[in-house]
Amino acid sequence: MAITTEEMKERIVDNEINYIREMVNRDRYDDLFEFVYQYCFNDFKSMNNEEIKEQYEWRFFDEEQTQWQ
């Protein structure tokens, strides 16, 4: 079953939210500052489908490979 780009976007966003939540819960504010500084100014909403797919593969490639084995 193929995943749609909308599902990819949702999963990418959920993953980032979980990562940020973990940094906050563990008082890793220096890491959180660096994360926001580096990534939150990316124009995610204007990415085309190919860029979404690349972003998704970059973040979830290892996890997807494990699921298919």
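Contact here means heavy atoms within 4.5 Å. By that criterion, and leaving aside neighbours within four places in sequence, Thr 5 is in contact with Asn 49, Ile 52 and Lys 53. The model is predicted: local features need pLDDT of at least 70, side-chain atom pairs count only at pLDDT 80 or more, and totals for chains, interfaces and linings use all residues. Residues are numbered from 1 along each chain as its sequence is written, and side-chain values use heavy atoms, with hydrogens and water left out.

The protein holds 3 helices and 0 strands. Helices (H or I, at least four residues) and strands (E, at least two) are DSSP runs, numbered from the N terminus. The order of elements from the N terminus is α-α-α. Helix α1 covers residues 5–25, and helix α3 covers residues 49–68. Thr 5 belongs to helix α1.

Contacts were also considered across the protein. Among those between residues at least 6 apart in sequence, 64% join residues at least 24 apart.

Accessible areas come from the Shrake-Rupley method with a 1.4 Å probe; for residues, only the protein chains shown count as cover. The accessible surface of the protein comes to about 5900 Å². Carbon and sulfur atoms account for 50% of that surface. Residues are called buried under 20% relative accessible area, exposed over 50%, and partly exposed in between (1.4 Å probe, protein chains only). On this scale, 19% of the 69 residues count as buried. Thr 5 counts as buried, at 14% relative accessibility.

The nonpolar interior was examined next. A nonpolar core is a set of buried Ala, Val, Leu, Ile, Met, Phe, Trp, Tyr and Cys residues joined through side-chain atoms within 4.5 Å. The largest such core has 6 residues: Met 8, Ile 12, Met 47, Ile 52, Tyr 56 and Phe 60. Helices α1 and α3 are the elements that give two or more residues to this core. The largest share, 3 residues, comes from α3. One core member, Ile 52, is also a contact of Thr 5.

Charged pairs were then searched for. A salt bridge is a side-chain nitrogen of Lys or Arg within 4 Å of a carboxyl oxygen of Asp or Glu. The whole structure contains 5 salt bridges.

One of them pairs Glu 6 with Lys 9, with the closest N and O atoms 3.3 Å apart. Both residues lie in helix α1, 3 residues apart, so about one helical turn separates them. Glu 6 is exposed, at 52% relative accessibility. Lys 9 is partly exposed, at 21%.

A salt bridge also joins the side chains of Glu 16 and Arg 59, at 2.1 Å from N to O. This pair links distant parts of the chain, with Glu 16 in helix α1 and Arg 59 in helix α3, 43 residues apart. Glu 16 is buried, with a relative accessible area of 14%. Arg 59 is partly exposed, at 25% relative accessibility.

Glu 22 forms a salt bridge with Arg 26, where the closest N and O atoms are 3.9 Å apart. Glu 22 is partly exposed, with a relative accessible area of 34%. Arg 26 is exposed, at 58% relative accessibility.
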